[in-house]
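Hello,

Here is the structure I said I would hand over. My notes on it follow below.

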Amino acid sequence: MGEIKSGEKTRVLVVGATGYLGKRIVRACLAEGHETYVLQRPEIGLDIEKVQLLLSFKKLGARLVEASFSDHQSLVSAVKLVDVVVSAMSGVHFRSHNILIQLKLVEAIKEAGNVKRFLPSEFGMDPPRMGHALPPGRETFDQKMEVRHAIEAVGIPYTYVVGACFAAYFAGNLSQMEALLPPKKKTNIYGDGNIKVVFADEDDIAKYTAKTLDDPRTVNKTVYIRPQDNILTQNELVKIWENLTGNELEKKTIAAKDFLANIEHMEIPHQAGIGHFYHIFYEGCLTDHEIREDEEASNLYPDVKYKRMDNYLRMYL
């Protein structure tokens, strides 16, 4: 499992390519000039949106490769075509929760023996730092760690991309739960609203991911997406929106104990969401640890002009 030689086109297989982040990663890989393969699963059935998305990738120059998680040999054949595998399998409870299916991918990569880098589905909070996380949301981190252990146990070179809140889920709604649009009159503020949080446009996360694939600096490393201008408190985020709209929102402060009250009576996906919000906005799990400059994506790839949240929020005006 050698390193990719400079000047050579990197061949990358994207798994989970029709998903929320996966489709962005496919486009970013193509834009970066990588020879991009997309896993097409026969289980797609009559899901017309996914079929059309796959065909749109083909039109952009991606190659579709048919393989199934229930057919080990087909997965081995698919990964033999490429140098790098990127997984964007969903790991959130309110969509599909497929983190552990990646263990089958690890087995296929191990057998194929040619893959020079694997990027498992990460892209959020850093799992090794989340051992204390509240159940059931903790399951996401435990499962991601299980996948990491499997990767490292068989010696597959890896890159873990972590560290930011997806802007469409956390910024456009001013971090309100159960809404994706900015509140019009009043907004909830978690605690004192002064915990630092990291926000990133999902297209930028995909661009940084595509940049790491053949970068020797990122082999067997964790790359944190923590662009300096997007490290904001919830109060700062709300203020940006108020400045853009010229409208001051009524603010309701929610203490930690009230935020977690009645959590056990909620549906499982809601419990998981509450737990994740708690760790981000009350504990500051995205920013409570130092990282080196050579671990941070916007330092490694200054040519990516990442979207700042004042610009991002303009589309909601």
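Among contacts in the chain between residues at least 6 apart in sequence, what percentage join residues at least 24 apart? It is 80%. Please keep in mind that this is a predicted model.

Overall form. The chain has twelve helices and twelve strands. Its radius of gyration is 20 Å, close to the 20 Å that the globule rule gives for 317 residues, so the chain is as compact as a globular protein of that length. Along the principal axes, the C-alpha atoms fill a box of roughly 55 × 40 × 40 Å.

Burial and surface. Of the 317 residues, 53% count as buried. The chain exposes about 14600 Å², and carbon and sulfur atoms supply 50% of that area. As for charge, there are 39 positive and 43 negative side chains, and the centres of the two sets lie 4 Å apart.

Aromatic residues. The structure holds 13 aromatic pairs. One to look at is Phe259 with Tyr282: the ring centres are 5.2 Å apart and the planes are at 40 degrees, so the pair is tilted, as the angle falls between 30 and 60 degrees. This pair links distant parts of the chain, with Phe259 in helix α9 (residues 256-260) and Tyr282 in the loop between α10 (268-281) and α11 (297-300), 23 residues apart. Phe259 counts as buried because its relative accessibility is 8%, and Tyr282 is buried too, with a relative accessible area of 15%. Both residues belong to one aromatic cluster, together with Phe170, Tyr190, Phe277, Tyr278 and Phe281.

Regards

Note on methods: Residues numbered from 1 in each chain as written. Predicted model: local features only at pLDDT ≥ 70, side-chain atom pairs only at ≥ 80, totals over all residues. Heavy atoms only, no water. Helix = DSSP H or I, 4+ residues; strand = E, 2+ residues; numbered from the N terminus. Rg over C-alpha atoms; globule rule 2.2 N^0.38 Å. Buried < 20%, exposed > 50% of the residue type's maximum accessible area, 1.4 Å probe, protein only. Contact = heavy atoms within 4.5 Å. Areas by Shrake-Rupley, 256 points an atom, 1.4 Å probe, with all protein chains shown as cover. Lys, Arg positive; Asp, Glu negative; His and termini not counted. Charge placed at Lys NZ, Arg CZ, Asp CG, Glu CD. Phe/Tyr/Trp six-rings, centres within 6.5 Å; stacked < 30°, edge-to-face > 60°.
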